[in-house]
Amino acid sequence: MLPSQLLLPAAVLALTLPQALASDTFIAAVYEHAVILPDATTKPVSPADALALMNKNMDVLEGAIKEAAQQGAHIIVTPEDGIYGWRFTREAIYPYLEDIPDPEVNWIPCTDPTRFGPAPVQERLSCMARNNSIYVVANVGDKKPCNSSDPSCPSDGRYHYNTDVVFDPEGKLVARYHKYNLFRGETQFNYPKEPEAVTFETPFGKFGVFTCFDILFREPAVVLVRELQVDTVLFPTAWMNVLPFLTAVEFHSAWAMGMGVNLLSANTHNIGLAMTGDGLFTPEGPVTYHYDSRTEEGRLLVAELSARPRLSPTYPPAVNWSSYATSIKMIPEENTFLGAVRRDVFTFSELRSKAGNSTVCQGDLCCHLVFQMSNKSQDEVYVLGAFDGLHGSLIKYHWQICTLLKCKSPDLETCGQPVETARTEFEMFSLSGTFGTNYVFPEVLYSGVQLAPGEFEVLRDGRLRSKQGTSEPLLTATLFGRLYEKDPPHPLRPSP
């Protein structure tokens, strides 16, 4: 990891606006897009064919942008890979890329499209923003030439970057962000040499932007929120859901609550790859969200959010995530067993009665649960689980997780396997843990992969507690903790 002082303020833009123009709220939109994909090929198509495919996707996005603007939205976020899809080698993606300049050049592609060479995608996105008087956030591909004097220059003489762009209501390019944490399959793109901290000011708060896998790492996610104090994060993503937790709506809502900011999450939609789930999330929970694992349809979400949530009288207080769990005497269960959630080996303890308390420990983490079920289904098994270790196959990062979890079947060997439905409700539960970090993200997931806004609370001493029981059967109640300082070096990113 690079120290924060090396972060590039790539687009720290001050649109100095009179205080009188500032707004307490704004209307935001996100669009979950069922992307039209190119044919799988290792050879580049012609630039005309590449643009034709991108225009098909932009036709859909333009319709969503127009509808959002008609509903009064000030800003709309569209998904990662939403314009050209995936299925690319490094060579095959090249015709889809454009040279995207630094926003400091003060450029409106809609009115001056050839200033930096052919840029039909940027021109069209700029015109969508300008014609609809709305901020437009999109994910595109940037290309930059390099030469042999640069020791990290690829053999083909160019860098490719997974890139977010933001155009303001006049169509001006106001932000450009190069994704810093590439997922393992993104071999068509290069890693930026240094992380970028991209922010820009609006009449309705300070915004930051990053992409998908970035949300799990300190740079840029924590830097934007804790050091640069953004109010809202713009988040194009192509998130593949992982049940029983780490679904898009579950973790993105949890992250917004744990970090205390708005998160505008726009996901791609592809049920074959388990991609679905987007929403408008706040420090107090989801305002609106969408999860659809059955159809191939896109979805537009529009809602009003607080422009500066930290100034809200209902802003959640600071939480000491280990205070309660370290203050009580916990006796770990004797009859524990190991179970896998994907590749992560959890320590589990079965909840054998309808009410009681339970403690399980793993590594430095002990998880404590007090619970009472209201209508325990006889063929359903629930466990308390703890995980303290590295998550991921190639790119690893350190989690501490406490979870109340429904097993897939009464067979304990299925605990941790994907499950979407349940029948058991709880009169109460209180979950806490001896976390070694202040970065903990809380969320409750109901049957059918539905969130539970307003039905639970986080106390200042670190307890995740139901308010008046669960109104729906429970899948999971989870505290996701991240120990960024224990992350190993990134195995793929070149050394500085």
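How many disulfides does the structure hold? The answer is five, and keep in mind that this is a predicted model. A disulfide is a covalent bond between the sulfur atoms of two cysteines. If you count the bonded cysteines along the chain, the pairing goes 1-2, 3-4, 5-6, 7-8, 9-10. Here's a quick tour of some of them.

**Cys110 and Cys127**
- The sulfur atoms of Cys110 and Cys127 sit 2.1 Å apart, forming a disulfide.
- This pair links distant parts of the chain, 17 residues apart: Cys110 is in the loop between α2 (90-93) and α3 (120-132), while Cys127 is in helix α3.
- The torsion about their S-S bond is about 100°, so this disulfide is right-handed.
- Cys110 is buried at 18% relative accessible area, and Cys127 is buried too, at 17%.

**Cys361 and Cys366**
- Cys361 and Cys366 are joined by a disulfide, with 2.0 Å between their sulfur atoms.
- The link is right-handed, with 105° about the S-S bond.
- Cys361 counts as partly exposed because its relative accessibility is 24%, whereas Cys366 is buried at 19%.

**Cys367 and Cys402**
- Cys367 pairs up with Cys402, and their sulfur atoms are 2.0 Å apart.
- Cys367 and Cys402 are both buried.

**One more cysteine**

Technical notes:
Residues are numbered from 1 along each chain as its sequence is written. This is a predicted model: local features need pLDDT of at least 70, side-chain atom pairs count only at pLDDT 80 or more; totals for chains, interfaces and linings use all residues. Side-chain values use heavy atoms; hydrogens and water are left out. A disulfide is a pair of cysteine sulfur atoms within 2.5 Å. Helices (H or I, at least four residues) and strands (E, at least two) are DSSP runs, numbered from the N terminus. Buried means under 20% relative accessible area, exposed over 50%, partly exposed in between (1.4 Å probe, protein chains only).
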